Structure formats: C-alpha cells, structure tokens
Amino acid sequence: MKNIAIASAVTAFGLLGVSAQNASADNVEWGCQVLMCAASSAPSWQGVPYCVPPMTKLIAAMKLPGFSWPICPDSNTGKPAYEPYEPCPSGFAAQTIGEKHDTSELCIRFVNKRPNPNEYPEASVTPEYGGSDDQYIRGYTISQSRKRKENPYYYDIPNEQGVKQRFYFNLRF
C-alpha cells in the first residue's frame, strides 16, 4: 500500500512538472505572439486576425493581480516599455503633478515677459511674483497639458546585427 501511495505521489508530481512545462512553453509561445503582433505596423495588430486572440488575452491578463508580461526569450527584448506622453515642445520641461510619481502631465516654461496669447494658444499663463512682499511680477509660467501618445508601449527589438529597432504599439481595439 505504501508503494502505491509513493507511486501515486511521484506520478502526481511528474504530471505537475509536465503541466508546469507546458504552461511555461505556452507562456513563451504567447510571449512571442505578443511580440510579433506588437511589432506589426502596416497594419497594426488590430488589423491582423491572427493577432487579435493573443493581444485580447494580454489585455485581459493585465487586469489580473500579479500580472507579468509574457516574454519571448529568444528575441532578447524582455517586456515592453511604456511612455504615455509625447515629449514637451522645445523650451518646455515636463512637470509631475499630484501623486503620480511615474509620469508627467504638464509641460512648463518660465519667461520674463508676458507672452503673446497667440504664441501659446493651448497654454495657461500664470504670473510669478517676486520681491520681499511678492510686490512685482518677476516673470510668467506657461503651462500646457502634455499630449498622450497614440502608441505608448514599445519594444526595442534587435536585428541580425544586434542593432535595436523600436516598435511602438497600443492596446486599444
């Protein structure tokens, strides 16, 4: 009886090992599908019928606790990076607002004289006061919302020579 229990336990652990290997292999295959589909640009993954199931699975998985990106080990890419905003215009600097420490939402610039309203039509202009009693205007802060990227995720995929090429993508239907 003891031998039967040990044999059952070994068989169960063996099956668990096989299941874990299959799950791992499935995850690698899925990671490679995600990578290939994300790198599709003309059309994007949304226009490639083969890509819709793995990317839909990815979007659903991202909502689950403990999510980690599926990766394609042979591609030497790892997980994608995320840049939600376009760069600020020349002369402006990104500024983080509120409790968000991982992203910036405004582009700001300090100027000495009041700017022409037509020069920055989408911006807000705030006088900055100076002096011992904040008696005079020492300049103006121009602030405008940062534009969100159409494709905020990207992979840097090395080619045959090892030179990385960046592929941007989004996760919207």
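Visitor: Which residues touch the most other members of the largest nonpolar core?
Guide: This is a predicted model, and of the 19 residues in its largest nonpolar core, Val-34, Met-55, Leu-58, Trp-69, Tyr-155, Phe-169 and Leu-171 touch the most other members.

Visitor: Which elements give two or more residues to this core?
Guide: The elements that do so are helix α1, covering residues 2-38, helix α2, covering residues 52-62, and strand β6. Helix α1 gives the most, with five residues.

Visitor: And what does Val-34 touch?
Guide: If residues up to four places away in sequence are not counted, Val-34 touches Pro-54, Met-55, Leu-58, Trp-69, Pro-70 and Tyr-155.

Visitor: What other core lies apart from the largest one?
Guide: Another core, of seven residues, lies apart from it, and Cys-88, Phe-92, Tyr-140 and Ile-142 are among its members.

Visitor: Back to the helix, then: why does Gln-33 count as buried?
Guide: Gln-33 is found in helix α1, and it counts as buried because its relative accessibility is 18%, while the cut-off for buried is under 20%. Leaving aside neighbours within four places in sequence, Gln-33 is in contact with Tyr-50 and Pro-54.

Visitor: Changing topic, how many aromatic pairs does the structure hold?
Guide: The structure holds eight aromatic pairs. One of them is formed by Tyr-153 and Phe-169, which are stacked, with 5.5 Å centre to centre and 25° between the planes. This pair links distant parts of the chain, since Tyr-153 belongs to strand β6 (residues 153-158) and Phe-169 to strand β7 (residues 164-169), 16 residues apart.

Visitor: Are those two, Tyr-153 and Phe-169, buried or exposed?
Guide: Both Tyr-153 and Phe-169 are buried. They also belong to one aromatic cluster, which is formed by Phe-67, Trp-69, Tyr-82, Tyr-153, Tyr-155 and Phe-169.

Visitor: What lies over the face of Trp-30?
Guide: Lys-57 lies over that face of Trp-30, at 4.3 Å from the ring centre.

Visitor: Now the strands. In which sense do β2 and β3 pair, parallel or antiparallel?
Guide: Strand β2 (residues 93-95) and strand β3 (residues 106-111) pair in the antiparallel sense, over three bridges, and Ala-93 has Ile-108 as its bridge partner in β3.

Visitor: How many bridges are there between β3 and β5?
Guide: Strand β3 and strand β5, the latter made of residues 136-145, pair in the antiparallel sense over six bridges. Here the bridge partner of Cys-107 in β5 is Gln-144.

Visitor: Where is Tyr-85 found?
Guide: Tyr-85 is found in the loop between β1, which covers residues 81-82, and β2.

Visitor: And why is Tyr-85 counted as buried?
Guide: Tyr-85 counts as buried because its relative accessibility is 9%, against a cut-off of under 20%. Its C-alpha atom is separated by 8.8 Å from that of Glu-150, although Tyr-85 and Glu-150 are 65 residues apart along the chain.

Visitor: For the whole chain, how many helices and strands are there?
Guide: The secondary structure comes to two helices and seven strands, and from the N terminus on the elements run α-α-β-β-β-β-β-β-β.

Definitions and conventions:
Residues numbered from 1 in each chain as written. Predicted model: local features only at pLDDT ≥ 70, side-chain atom pairs only at ≥ 80, totals over all residues. Heavy atoms only, no water. Helix = DSSP H or I, 4+ residues; strand = E, 2+ residues; numbered from the N terminus. Phe/Tyr/Trp six-rings, centres within 6.5 Å; stacked < 30°, edge-to-face > 60°. Buried < 20%, exposed > 50% of the residue type's maximum accessible area, 1.4 Å probe, protein only. Lys NZ or Arg CZ within 6 Å of the ring centre and 35° of its normal. Core = buried A, V, L, I, M, F, W, Y, C linked by side-chain atoms within 4.5 Å. Contact = heavy atoms within 4.5 Å. Pairing = 2+ DSSP bridges.
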